Amino acid sequence: MKPILQLYRGYANEQELIVMGHVFKRTYNYDFQKKNFKNATSVINQFRIKTIQNFDIYLKFGAKEMHTKTLDDGYFKFCIPLEKEFHFGWIEYEVSIKYKTEIISCKGSFIRPHEGNLGIISDIDDTFLISHTKNIFRKIYILLFKNVNDRKVFKDVVPHYQALSSAGRNNKEEENAFFYISSSEWNLYRFIVKFTKIHQLPRAVILLKDIKRGITDFFLSGRGNHNHKFDKIKHVLEFYPNLKYVLLGDDSQHDPFLYEQICKIFPVTVIAVYIRQTGKSQKKEVKKIMKNLASLDVSACYFKESSEAIMHSKSIGIIK
């Protein structure tokens, strides 16, 4: 059976390019239009994929071709030093694998953000995508029986994100560095890309949790340890150290605690934290964190409606 190559959006700064992906032995097409049980089968199949370890991968960038191999879970990552200046924005790259006598190539894209002042990092579930994370049974039901066209965003979240993406930019072609960092697994990458396109959310680099390869893993999707999320946010802030960051999350899981830790480690880097209230009332422990963030000179906003977050962003001069 011919191996399958899946690429993810990469990113670059002045010194380094990072691109990544997976090689699958077997995968299933996710039909985004399917209804009810067909959609459920399609989603579950995303967690039945088989990966290939130690498989040869070739990255073609500029005049060079670089070689590496996949890790144990079929994941690969190229961290490549950049020797010369190249242009800004979204740039294409090409990765290939060899199967018998055939070369299988796939094109992906990475961003080198235009020089600017702002970076935005957002969670996904219950931050912009309505997921009901607090209720595991409802979350699974929606994931299984609502296809990508039936899934919803919170009211006014799209104009807020679009305004953040273009904040401080005079040129419409230029966008701020935007990352979606979530405890969802790589299995759901194509769903997330499709969903964000449908709702015209900013095109962003998406960083997810290690891929899952079994049905039981599906029922634990997005749960468990959130250390990977902390590590990925920390990595982005270190990768683009000259940007000021806006962090967006919600109070259904660990975002407030993670963001507080990040603010303590990067005391001049994070300028604003937004936490969406997902229940009927605000949580005491989250209010305490927000108060503590304010004492660290981070502008903190604990909001129910995105219209409040927009007003707050305007009031502190991030957006117009």
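A salt bridge is taken here as a side-chain nitrogen of Lys or Arg within 4 Å of a carboxyl oxygen of Asp or Glu. The model is predicted: local features need pLDDT of at least 70, side-chain atom pairs count only at pLDDT 80 or more, and totals for chains, interfaces and linings use all residues. Residues are numbered from 1 along each chain as its sequence is written, and side-chain values use heavy atoms, with hydrogens and water left out.

Aspartate 251 sits in the loop between strand S12 (244-250) and helix H7 (255-265); helices (H or I, at least four residues) and strands (E, at least two) are DSSP runs, numbered from the N terminus. Aspartate 251 is buried but has no salt bridge, and lysine 283, the nearest side chain of opposite charge, is 4.7 Å away. Buried means under 20% relative accessible area, exposed over 50%, and partly exposed in between (1.4 Å probe, protein chains only). For charge, Lys and Arg count as positive and Asp and Glu as negative, while His and the chain ends are not counted.

The side chain of aspartate 251 does make a polar contact with the side chain of threonine 278, at 2.5 Å. Such a contact is a pair of N or O atoms within 3.5 Å; within protein, one must be able to donate a hydrogen and the other to accept it, and residues adjacent in sequence count only if both atoms are side-chain atoms.

Aspartate 255 lies in helix H7 and is buried, with a relative accessible area of 2%. Not counting residues up to four places away in sequence, aspartate 255 touches Asp123, Thr127, Lys229, Gly249, Asp250 and Ile275, where contact means heavy atoms within 4.5 Å.

**Aromatic pairs**

Rings of Phe, Tyr and Trp (its six-membered ring) pair if their centres lie within 6.5 Å; planes under 30 degrees apart count as stacked, over 60 as edge-to-face and the rest as tilted.

| Pair | Type | Centre to centre | Angle between planes |
|---|---|---|---|
| Tyrosine 8, tryptophan 186 | stacked | 4.1 Å | 15 degrees |
| Tyrosine 274, phenylalanine 303 | edge-to-face | 6.4 Å | 70 degrees |

Tyrosine 274 belongs to strand S13 (residues 270-276) and phenylalanine 303 to strand S14 (residues 299-303), so this pair links distant parts of the chain, 29 residues apart. Tyrosine 274 is buried at 0% relative accessibility, and phenylalanine 303 is buried with a relative accessible area of 4%. Both tyrosine 8 and tryptophan 186 are buried as well. Ring pairs join Tyr8, Tyr75, Trp186 and Tyr189 into a cluster.
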